[in-house]
Amino acid sequence: DRWIAALGRLPLMAQPGERWMYSTGASVLGVLAARAAGMPFADVLRTRLFEPLGMSSTAFWTPHQARLATVYQPGPDGLVVYDPPDGAWSRPPAFGDGADGLLSTVDDLLAFARMLLAGGQGVLSAEAVRAMTSDQLTAAQKAGGSFGPDNFADVSWGYGQAVYPGGAFGWDGGLGTSWLVDPTRDLVVIVLTQRMWESPDPPPVHKEMQAAAYAALA
């Protein structure tokens, strides 16, 4: 309630639909989903998505610190710790954000990707999956950018993820994770690292993953 009230007091950066913004809409939708379902957003995700798909290791936090990896970020003399196992994801967040913050594993991400490949698999409608994995931006919205003027030169945006020429979709996370799905090849690529990105430009390991995926599209 405090978060949505504070957001509502801010002036608009643009009229609704005029510009693409990376995460604000998803944060608001998380609040709306929680209110519509009458339960915390974390429980909405757990009951409607994670449990039906067997994603038992995906949540906003875990008490099992031994399963959490240390996150590193580059420093002037090498890598330094950004978040240790007993850090931010070892306790419940104050706000279950619809735009970020989930823990997961390779197995759980694969289950999620397979659900999308299967057209929803009973947890989403086929129409919703098509919308999530199709280009939803106008030329004017792409020109406005968000990460930079060339951000949409060879990629666009569905609902909650990037979409690429040829039908592939997925997203790269700044904490060091990437996933990409190519429906035409029935291909899923998942890369999980412990190193934060230094800039919006992906590190070499993520670029290699993207290059391999694009080669498979050829």
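Helices (H or I, at least four residues) and strands (E, at least two) are DSSP runs, numbered from the N terminus, and two strands pair if DSSP finds at least two bridges between them. The model is predicted: local features need pLDDT of at least 70, side-chain atom pairs count only at pLDDT 80 or more, and totals for chains, interfaces and linings use all residues. Residues are numbered from 1 along each chain as its sequence is written, and side-chain values use heavy atoms, with hydrogens and water left out.

View 1. Strand S1 covers residues 71-75 and strand S2 residues 78-83; the two run antiparallel and are joined by five bridges. Gly 75 has Gly 78 of S2 as its bridge partner.

View 2. Thr 70 sits in the loop between helix H3 (41-53) and S1. With a relative accessibility of 17%, Thr 70 counts as buried (buried means under 20% relative accessible area, exposed over 50%, partly exposed in between, with a 1.4 Å probe and protein chains only). Neighbours within four places in sequence aside, Thr 70 is in contact (heavy atoms within 4.5 Å) with Val 81, Asp 83, Pro 84, Pro 85 and Gln 194.

**View 3. The five-stranded sheet.** The sheet is open, with antiparallel pairing and the strand order S3-S4-S5-S6-S7. Its edges are strand S3 (156-157) and strand S7 (187-192); each has a single partner strand, so one side of each lacks a neighbour in the sheet. Five bridges pair strand S5 (residues 169-173) with strand S6 (residues 177-182) in the antiparallel sense. Trp 171 has Trp 179 of S6 as its bridge partner. Helix H4 (residues 106-117) packs on this sheet and touches S5, S6 and S7, its direction making about 150 degrees with that of S7. For this angle, axes are lines fitted to C-alpha atoms, for helices over the stretch in contact, and angles run from 0 to 180 degrees between N-to-C directions.

**View 4. Helix H4 and its cover.** The end C-alpha atoms of H4 are 16 Å apart, which agrees with the 16 Å that its 12 residues should span at 1.5 Å a residue; the expected span is 1.5 Å times one less than the number of residues. Buried in H4 are Asp 108, Leu 109, Ala 111, Phe 112, Ala 113, Met 115 and Leu 116. These buried residues are covered by elements including H3, helix H5 (126-132), S5, S6 and S7. After H4 comes Gly 119, with a positive phi near 80 degrees.

**View 5. Aromatic pairs.** Rings of Phe, Tyr and Trp (its six-membered ring) pair if their centres lie within 6.5 Å; planes under 30 degrees apart count as stacked, over 60 as edge-to-face and the rest as tilted. The count by this rule is 10 aromatic pairs. Tyr 22 and Trp 157 are edge-to-face, because their ring centres are 6.2 Å apart and their planes stand at 70 degrees. Tyr 22 lies in the loop between helix H1 (2-8) and helix H2 (24-37) and Trp 157 in strand S3, so this pair ties together parts 135 residues apart in sequence. Tyr 22 is partly exposed, at 36% relative accessible area, whereas Trp 157 is buried, at 9%. Phe 112 and Trp 179 also form an edge-to-face pair, with 5.8 Å centre to centre and 65 degrees between the planes. This pair links Phe 112 in helix H4 to Trp 179 in strand S6, 67 residues apart. Phe 112 and Trp 179 are both buried. One aromatic cluster consists of Trp 20, Tyr 22, Phe 152, Trp 157 and Trp 171.
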